[in-house]
Amino acid sequence: MSQQGYVATPPYSQSQPGIGGFSAGFGPPNSSLHYGHYGDPNSSYSAPQPGMSKSTVPLGSSAPVGPPPPGTHQFSQTNFQNGPSTPGQQTHRFQGPPPPSNTGASYPPYSHQSQPAYPNTASASSATQLANQLNSMQINSYGPGTASSSCMSSGHPASFQGSQLPPPTQQQIALPPGSRVPPPANNVNGLCAQPSLPPNARQDGIPGSVPPNPNLQQLSGQPPGPGYHPQQASYGPQMAGSQLSYPGAFPGGPAQLVGPQQKKLDPDSIPSPIQVIENDKAARGGQIYATNTRGQVPPLVTTDCIIQDQGHASPRYIRCTTYCFPSSSDMAKQARIPLAAVIQPFALVPPNEAPLYVVNHGETGPIRCNRCKAYMCPFMQFIEGGRRYQCGFCNCINDVPPFFFQHLDHIGRRVDHYERPELSLGSYEYVATLDYCRNNKPPKPPAYIFMIDVSYRNINSGLVKLICDELKTLLDKLPREEQEESSAIRVGFVTYNKVLHFFNVKSSLAQPQMMVVSDVGEVFVPLLDGFLVNFQESRSVVINLLDQIPEMFADTNESETIFAPVIQAGMEALKAAECAGKLFIFHSSLPTAEAPGKLRNRDDKKLLNTDKEKTLFQPQVNSYEALARDCVANGCCVNLFLFPNQYVDVASMGLVTMYTGGTLYKYNNFQLSSDSLQFLADLRKDIEKKTGFDAIMRIRTSTGFRATDFFGAIYMNNTTDVEMAAVDCDKAVTVEFKHDDKLNEDSGALIQCAVLYTSISGQRRLRIHNIGLNCSSQLADIYKTCETDALINFFAKSAFKAILSQPLKTVREILVNQTAHMLACYRKNCANPSAVSQLILPDAMKVLPVYMNSLLKSCVLVGRPEIPTDERAYHRQLVMSMGVADTQLFFYPLLLPIHSLDLKSDTIPAAVRCSEERLSEGGVFILANGLSLFLWLGVSVPPELIQGLFNVPSFAHINTEATLLPDLDNPFSQKLKSVLEHIQNQRPYTMKLIIVKQREQPEMLFRQLLIEDKSIYGGASYVDFLCCVHREICQLLS
Ligand SMILES: [Zn+2]
């Protein structure tokens, strides 16, 4: 055990010396090493590693600058193309152009001179310095694409073996030799120190439409809060004025939308996520990916391919941050690359891939290791002629049960290897025995309870009628097993305002019966028989009820509601019926009625950017946590559909949903006319979803490492069992691993995820996913097999969890710090020697900075008065349960030019980078991040295009209120519709289409998603962030 000095506590949990002071996150290496995952004061970049001399990474001008490996190629600022290039070009070192005199021009449009990217470096010249940097940045890329695999191996002594990876490359971005590295910034993203917008901008707290408030364009001189850099003061005079506005910016400012700015770094010269995605599609798209090799890196989550399980779980189920673990904890501490797996145990597989086999050993049940209880899997090694097997996880030798005995062939493999899923596949299911059931009784089929808020507003808006009408058809689509004729799921109905109404819908009744529970302090279930019914049997009574409900409450004037007792009632009903299930709660307002879980409006913008900001993400009363625990214990999953028109305290109301594996949907200012489509699509999808109920997930690992932290819509009673009242196809749990010993390079790092659950038909099952990773003592191997998309999933979830207990500023600093550490470690230990001015990025992480910057700019991590607290809590909750594909899209939205659609081709056009510079006045673009979907129209879109899409003659005639495109009989319109459908496909949330015209006010919402640009809330542009990370790296290496 080499645990010495190893900090095993979860990230962010340790005390943060120096935090709050302005030099904390960006101070000297020794202090900054206190943060992050492997934050251990003993491991320092400034301390020479054993066997490793500092001089191997020359940083000064005296350092020998090695020639590039043969065949590599570099790009100067002017000739860089973002695609494969011809090898053999020579390095072009950009020789420091004269600094531009007008720094303003070098900023992206949303910036202005009083808002430099790094206010805290605040000296009068910092903006000039940055501009100089930008202008002098130079990209050297070692063989992107397929050009130079051979030279790449030579450039990487520890080349990756046995994989079909694209050739390893790395990206270098250079500042001119001798350029001075600016002083460290203590606030990299400018998030704290930026000027703020007036708090009155969005008092209704609901985005969705931005009020035409002229103040939004202006900046107020909010005094700096604690922790601000003293030099910030020098910005006071400049910031103070409301006379300052984002130059050129919004709305209007046509010049900003056309073409790149002068004197600005060519954006094509910094690593492009689009290029990375397209390269992977070109190399691996449409192919068969067989999971037959331990530690192989799968195609990107954005690449379509057919996955064949040949012994390791499909990447649809498990993706890892790296497919090669460092062999020792010292190495892990050195690299600080999170070791994590993102597990989506019920992920959907396309029809052309095999569904999971179900293994049934009858009363014997699954075969398990006697010591560690791991399930039989391809990692078990059969010995002694097949009579015994050695566990791949704990090495224990077990007897093979007689019924399972089989002879071995000449290579020691069982002759029935390919006949048994549990011997040859990465993923499969076991039928569980009674031992695995609650109270040793076979479970009953789950139940769905629909609980409708019938207070005045919901009745008045028509929502109640909408829900009831939809349920009449939807209940025919409850999920069922393939072989079943109808669903085994039972249904029940409750309505509520200040009291609860239960309905008896027993099939023998002529009319449904209502029972009122008015004692909401001590909720009980007034009826057992007739509450949960089979829809097919009780169809006429249920339909009758659904017809009556809107009328029953048509004259209500009750505006107060309860909430916690509703969940309590649903949970008690499931408990009484001895089954697991889901509650579908349709709710609109803050529950202010006198009852347990009563909430008050506690949205306080004054808490933003203070140490108390975290309380906004915590529930305001403890009872919700206790309720969540009870729900999980009883297999009660809570799906919450919220229809707020003001603050409803999502952090409190969503808590039970979060802990029970439920889904939170939120429709701000719900309007029947514009929002029904979205809501009904969400409801349909959710009801039809394949779901596992009453689930417990357990992660087992081979010796030397273990799962230490879990992130997701989960509940943990102890440190090992991940409890989920339900888990559906879209939910992912991110698991972090840490070493507790050295890993064996021969046997690798093996992971087994077992989910015990009740199926939709009421069968108790185990779903097993196995994956094997490599181990290496070479840092380069770790970097080579990283997956940026999984890394960002991990970083997002760990940060969003951390904000419950840490100031947001600290969390942001940790993220930046860790990014710099990972990249600095690569540079120091894996990259060829190069000038200090070069930013060197490992190929597999070369777009990590753009994603990281997007995460840092997300509304969850940025406290701004104009961002509603509920919106932040909502985003936080959604991301916590996302899988890798969803976080990828969320943090790097898809921007598709559609004016140039190829009508003859079935393919979706290639996306462009998520920046305003990619827009054109004559263009039409789609922008989607999984929650929002925009159709953006440039001011000069040709009239014929407008006619073809909207059936109106001109730009001015387009109705931006529409949330649906008209059905038109022309190829362009039809093609666009199919593209939109494709984008929506397989996304857990239905995206409402928002039509945005260039230079009109709602364009603001659209621009917030252009994440390569400087954020309107002050977050750094991609280029600025790269510069900043580079400075951090230089600090760490100096
Ligand atoms: Zn074992």
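Author: The questions below concern a predicted model, and they take up a metal site, an aromatic pair, a loop residue and a surface patch in turn.

Reader: Which residues coordinate the zinc ion, and what spacing do the donors follow along the chain?

Author: The zinc ion is held at 2.2 to 2.3 Å by the SG atoms of Cys369, Cys372, Cys391 and Cys394. Read along the chain, the donors of the zinc ion follow the spacing C-x2-C-x18-C-x2-C.

Reader: What arrangement do the 4 donor atoms around the zinc ion make?

Author: For four tetrahedral donors, the ideal angle at a metal is 109.5 degrees. Four donors count as tetrahedral if all angles lie between 85 and 135 degrees. Because the 4 donor atoms around the zinc ion subtend angles of 100 to 115°, their arrangement is tetrahedral.

Reader: Is cysteine 391 buried or exposed, and is cysteine 394 buried or exposed?

Author: A residue is called buried when its relative accessible area is under 20%. Cysteine 391 has a relative accessible area of 1% and is therefore buried. Cysteine 394, with a relative accessibility of 11%, also counts as buried.

Reader: How many aromatic pairs does a search of the whole structure find, and what kind of pair do tyrosine 375 and tyrosine 430 form?

Author: Searching the whole structure gives 36 aromatic pairs. In the pair of tyrosine 375 and tyrosine 430, the centres are 6.3 Å apart and the planes stand at 40° to each other, and the pair is tilted.

Reader: Which parts does this pair tie together, and how many residues apart are they in sequence?

Author: Tyrosine 375 belongs to the loop between strand 8 (358-359) and strand 9 (381-383), whereas tyrosine 430 is in strand 12 (residues 427-431). Tyrosine 375 is buried at a relative accessible area of 4%, and tyrosine 430 counts as buried at 0% relative accessibility. The pair therefore ties together that loop and strand 12, parts that lie 55 residues apart in sequence.

Reader: Where is phenylalanine 670 found, and how many Å apart in space are phenylalanine 670 and leucine 463?

Author: Phenylalanine 670 sits in the loop between strand 20 (664-666) and helix 15 (672-688), and at 10% relative accessibility phenylalanine 670 counts as buried. Although phenylalanine 670 and leucine 463 are 207 residues apart in sequence, their C-alpha to C-alpha separation in space is 8.6 Å.

Reader: Which residues make the nonpolar surface patch of about 240 Å²?

Author: One of them, methionine 514, has its place in strand 16 (residues 513-517) and counts as partly exposed at 39% relative accessibility. The patch of about 240 Å² is made by Met514, Val516 and Met552.

Definitions and conventions. Residues numbered from 1 in each chain as written. Predicted model: local features only at pLDDT ≥ 70, side-chain atom pairs only at ≥ 80, totals over all residues. Heavy atoms only, no water. Donors = N, O, S within 2.8 Å, 3.2 Å for Na, K, Ca; no water. Tetrahedral: all angles 85-135°; square planar, octahedral: opposite > 155°, others 65-115°. Buried < 20%, exposed > 50% of the residue type's maximum accessible area, 1.4 Å probe, protein only. Patch = residues over 30% accessible without salt bridge, like charges linked within 9 Å, V, L, I, M, F, W, Y side chains within 5 Å. Areas by Shrake-Rupley, 256 points an atom, 1.4 Å probe, with all protein chains shown as cover. Salt bridge = Lys/Arg side-chain N within 4 Å of Asp/Glu carboxyl O. Helix = DSSP H or I, 4+ residues; strand = E, 2+ residues; numbered from the N terminus. Phe/Tyr/Trp six-rings, centres within 6.5 Å; stacked < 30°, edge-to-face > 60°.
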